[in-house]
Amino acid sequence: EKPSDEREAKDMLRALSNGSSKVHTGVAILLPKVSAVTGVFERGFSETTTVEFAELTEEEIDAYVATGEPFDKAGGYGI
């Protein structure tokens, strides 16, 4: 979930501070087959990454939120 405002972004980052979070990434590829056989080439995969956070100070949280970065990212952070 993406933070809707500065307060929510800071709350998310405080909750993640000195902890961990899992990031799930999925990719799906659909292409027409390049052969006499009709159909679609399908390929999909996913990856899960555990992100570990150091303890974040209020100053670090304030500075990161001030960049605007948290507002278009689920969890309020990007990797």
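Student: Why is Ile29 called partly exposed?

Tutor: Buried means under 20% relative accessible area, exposed means over 50%, and partly exposed is in between (1.4 Å probe, protein chains only). Ile29 has a relative accessible area of 32%, so Ile29 is partly exposed. Keep in mind that this is a predicted model, where local features need pLDDT of at least 70, side-chain atom pairs count only at pLDDT 80 or more, and totals for chains, interfaces and linings use all residues. Residues are numbered from 1 along each chain as its sequence is written, and side-chain values use heavy atoms, with hydrogens and water left out.

Student: What makes the rings of Phe53 and Tyr77 a pair, and of which kind?

Tutor: Rings of Phe, Tyr and Trp (its six-membered ring) pair if their centres lie within 6.5 Å; planes under 30 degrees apart count as stacked, over 60 as edge-to-face and the rest as tilted. The structure holds one aromatic pair. The centres of the Phe53 and Tyr77 rings are 4.9 Å apart and the planes stand at 90 degrees, so this pair is edge-to-face.

Student: Which residues does Val23 touch, leaving out those up to four places away in sequence?

Tutor: With contact meaning heavy atoms within 4.5 Å, Val23 touches Glu47, Thr48, Thr49, Val51, Tyr77 and Ile79.
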